[in-house]
Amino acid sequence: MSAVSLEGAEARIGGHVVWRDVTVHVERGEFVAVLGPNGSGKSTLVRAMLGLQPLSAGRATVLGGSPGTANDRIGYLPQRHAFDATTRIRGIDLVRLGLDGARWGVPLPGRRNRAAAARVERVIELVGATAYARRPIGELSGGEQQRLLIAQALVRGPELLLLDEPLDSLDLPNQAGVAALVERICKEEDVAVLLVAHDVNPIIAYLDAVIYIAGGTAVEGAPEDVIATGTLTELYGVPIEVLRTSDDRLVVVGAPDLHGHHAH
C-alpha cells in the first residue's frame, strides 16, 4: 500500500482552483521532493495530506486511510524562520516536545519517561546532533536547528515525514547535509518523505522522485524525466527550456512567475 495516493485530486481555496487532476503516489521508503514556483500550491498539497485542506474533487489516501485519520503516524515540519538568538530552550527539550508537548505538566520519573528519554536520545543521535543538543536552540546555526527540528518530527516513529521548505534560508553545504540526512533516515527507518523545496540542485542526488506543481496541476516521476524541457513545457503550457550548466546544475528558463531563487 502506498504511503500517499492521490487520484484526480483538486483543491480550491476561496472558490479558486489551486490545482486539479493531480495523481501522485508515494511509496514507503521513498524520498520525494515537491517543487514548483511560489504560489503554485506546494504547501496546499501538504495540508491536503494532513486533512487540513479538503479536496473538492478526486480522492486521497494517506497511510491507508482518509487524510487526517493517521496524523499520529506522520511527522510534520512546517515552514518556519530561524529561532531568535535569545531563545533559551535546549535542543533536547525541543525534541522532547515532539513526544509529549501536547500534555500538561512536567514528566514524572518512571519507566515510561525513561523510555521516552531514550527515544529522544536515539533520534538526536540519528540526526547527528548529540554534540550540541543540550545547548540553547537560539545559539545554534540554521543547519543545527534544522537537524533538531527533524529529530522532533521523528521522535514518535512516524511512517510518513512531511517537511515544508526545511532548506529555506540554509546555505548550500547545509542544504546538501540536511538532504543527505533525510535520505539516510528514509532508508534506515523505512519512512516515506515529502520535502517541499524551491531548488532541486542541492538535493537531486538523494531523490527517488519529484512532484512538480505548475499551471494548476502536477506531474510526478524521476527527477531526470520531470525536470526536462518537454515535461515542463507541457506542464506550464508555454515554451520552457531546461539547461545543464558546466557545474552540472539544472536551470529552468522561461517559466511564468519563476523567481530567481527557483532557478533549478
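Colleague: Let's start with helix α1: how many of its eight residues are buried?

Modeller: Bear in mind that this is a predicted model, where local features need pLDDT of at least 70 and side-chain atom pairs count only at pLDDT 80 or more, while totals for chains, interfaces and linings use all residues. Residues are numbered from 1 along each chain as its sequence is written, and side-chain values use heavy atoms, leaving out hydrogens and water. Helices (H or I, at least four residues) and strands (E, at least two) are DSSP runs numbered from the N terminus; buried means under 20% relative accessible area, exposed over 50%, and partly exposed in between (1.4 Å probe, protein chains only). α1 is largely enclosed by the rest of the structure, because its buried residues number six of the eight.

Colleague: Which residue stands opposite Val252 of β11?

Modeller: β10 and β11 pair in the antiparallel sense over four bridges (two strands pair if DSSP finds at least two bridges between them). On β11, Leu250 and Val252 make up the covered face, with Val251 and Val253 on the uncovered one. Across from Val252 stands Val242.

Colleague: How many residues apart in sequence are the parts that Arg28 and Glu159 tie together?

Modeller: Their side chains meet in a salt bridge at 2.8 Å, N to O (a side-chain nitrogen of Lys or Arg within 4 Å of a carboxyl oxygen of Asp or Glu). Arg28 is in the loop between β2 and β3, and Glu159 is in the loop between α4 and β6, so the distance in sequence between the parts they tie together is 131 residues.

Colleague: And within helix α5, how many residues apart are Glu188 and Arg184?

Modeller: Glu188 and Arg184 also form a salt bridge, with the closest N and O atoms 3.7 Å apart. Both lie in α5, about one turn of the helix from each other, and that separation is four residues.
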